[in-house]
Amino acid sequence: MACIWLASIGTALSAYFILAANAWMQHPVGSVVNTTAGRAELRDFGAVLTNSTAIGAFTHTITAAFVTAGVFVAAISAWHLTRGQHSEVFRPSIRLALVTVFIASVGVAVTGDLQARLMTQQQPMKMAAAEALYDTVAPASFSLFTIGSLNGSKEVWRTALIVTHHPEQVHGLPQVRLTRSNRPHFDPATDESQLTTSHYPGGS
Ligand code: HEM
């Protein structure tokens, strides 16, 4: 039993460090671009570990893992129960699996929503692309599935997503490009302060 706990805690810790590294590439807090050396340099490891993007990704991935594991255990238990095999083992296991799936599903939805709002704030271009949003809209509609044209000029088909909890505008692709190129001091290659914890757009 101790080995199982150690393996699962170790796996979760490993997942956190992997996701923190990935999150830093999406939202590079705690670092500056050293233009003399021509490289990004880490200044605050604590900021990398507490990056809001990492926390959102970790909580979402772990709850998603519980949903996946719960569905797997429930399916195996149901398979045995429908054949009348080992009901003393599989009846409690299906009950536990279904409770896990129910609780974890709520967690997945809440953390997924958190991720989407962080993405809208920190990576507006990614959200605009994910939503095939060619025009800034206020408020954004509720989107489940969207297809855009290959040359990125117009949407082909959409059913719409609430990415903010306010009736504020969500920028479309051309507008995000315009905002970025017009933003003063945005070029990280020429301005070190843009990539520091306190100055990076979107905060920590
Ligand atoms: C209400 C339902 C859900 C919402 C709103 C949601 C939303 C999101 C968002 C916004 C991302 C970030 C994508 C990116 O940064 O490129 C994401 C990533 C991900 N989602 Fe979901 N998701 C939902 C359900 C699920 C389910 C059911 C699973 C699996 C069982 C799942 C597994 C994942 C995984 C593994 C990632 C990649 C990890 C990451 O980049 O953070 N999600 N989801």
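This is a predicted model: local features need pLDDT of at least 70, side-chain atom pairs count only at pLDDT 80 or more; totals for chains, interfaces and linings use all residues.
## Helix H1 meets helix H3

Helix H1, which covers residues 2-26, packs against H3 at an angle of about 135°, and the axes of the two helices lie 8 Å apart. That angle makes H1 oblique to H3. If you look at how the pair cross, you will find that the crossing of H1 and H3 is right-handed.

## Helix H3 meets helix H4

H3 also packs against H4, here at an angle of about 155° and with the axes 6 Å apart. Sorted by class, the residues in the contact of H3 with H4 are 18 nonpolar, 18 polar and 1 charged.

Is glycine 70 buried or exposed? It has 21 other C-beta atoms within 10 Å, and it is therefore buried, as the cut-off for a buried residue is 20 or more. Now look for alanine 97: along the sequence, glycine 70 and alanine 97 are 27 residues apart, yet their C-alpha atoms are 4.6 Å apart in space.

## The loop between H3 and H4

Follow the chain from H3 towards H4 and you come to histidine 86, which lies in the loop between these helices. Histidine 86 has a positive phi of about 45°, although it is not a glycine. With 12 other C-beta atoms within 10 Å, histidine 86 is exposed, because a count of 12 or fewer puts a residue in that class.

## Around the ligand

Which residues are closest to the ligand? They are Ala57, Ala64, Ala109, Gly112 and Gln115, out of 13 residues that surround the ligand. The elements that give two or more residues to this shell are helix H3 (52-82) and helix H4 (87-122). H4 provides the largest share, with 7 residues.

The shell can also be sorted by residue class. Around the ligand there are 7 nonpolar residues, 5 polar ones and 1 charged one.

Next, turn to strands E1 (residues 31-34) and E2 (residues 39-42). They run antiparallel, and 4 bridges join them. For one of the pairings, look at serine 31, whose bridge partner in E2 is leucine 42.

The hairpin of E1 and E2 has 4 residues between the strands, and glycine 38 in this hairpin takes a positive phi near 70°.

## A stop in strand E3

Threonine 146 lies in strand E3, which spans residues 143-148. How many other C-beta atoms are within 10 Å of threonine 146? The count is 17, so threonine 146 is partly exposed. Threonine 146 and alanine 129 are 17 residues apart in sequence, and the distance between them in space is 9.8 Å, C-alpha to C-alpha.

While you have a strand in view, here is a general point: in a regular strand, side chains alternate between the two faces of the sheet.

## The whole protein

The secondary structure of the protein comes to 6 helices and 4 strands. Starting at the N terminus, the elements follow the order α-β-β-α-α-α-α-β-β-α. The protein has 204 residues, and buried residues make up 24% of them. Glycine 70, with its 21 other C-beta atoms within 10 Å, is one of the buried residues.

Key:
Residues are numbered from 1 along each chain as its sequence is written. A residue is near a molecule or strand if its C-beta atom, placed from the backbone, lies within 6 Å of it. Ala, Val, Leu, Ile, Met, Phe, Trp, Tyr, Cys and Pro count as nonpolar, Asp, Glu, Lys and Arg as charged, and the others, Gly among them, as polar. Axes are lines fitted to C-alpha atoms, for helices over the stretch in contact, and angles run from 0 to 180 degrees between N-to-C directions. Two strands pair if DSSP finds at least two bridges between them. Angles under 35 degrees count as roughly parallel, over 145 as roughly antiparallel, 65 to 115 as roughly perpendicular and the rest as oblique. A crossing is left-handed if the near helix is turned anticlockwise from the far one by less than a right angle, and right-handed if clockwise.
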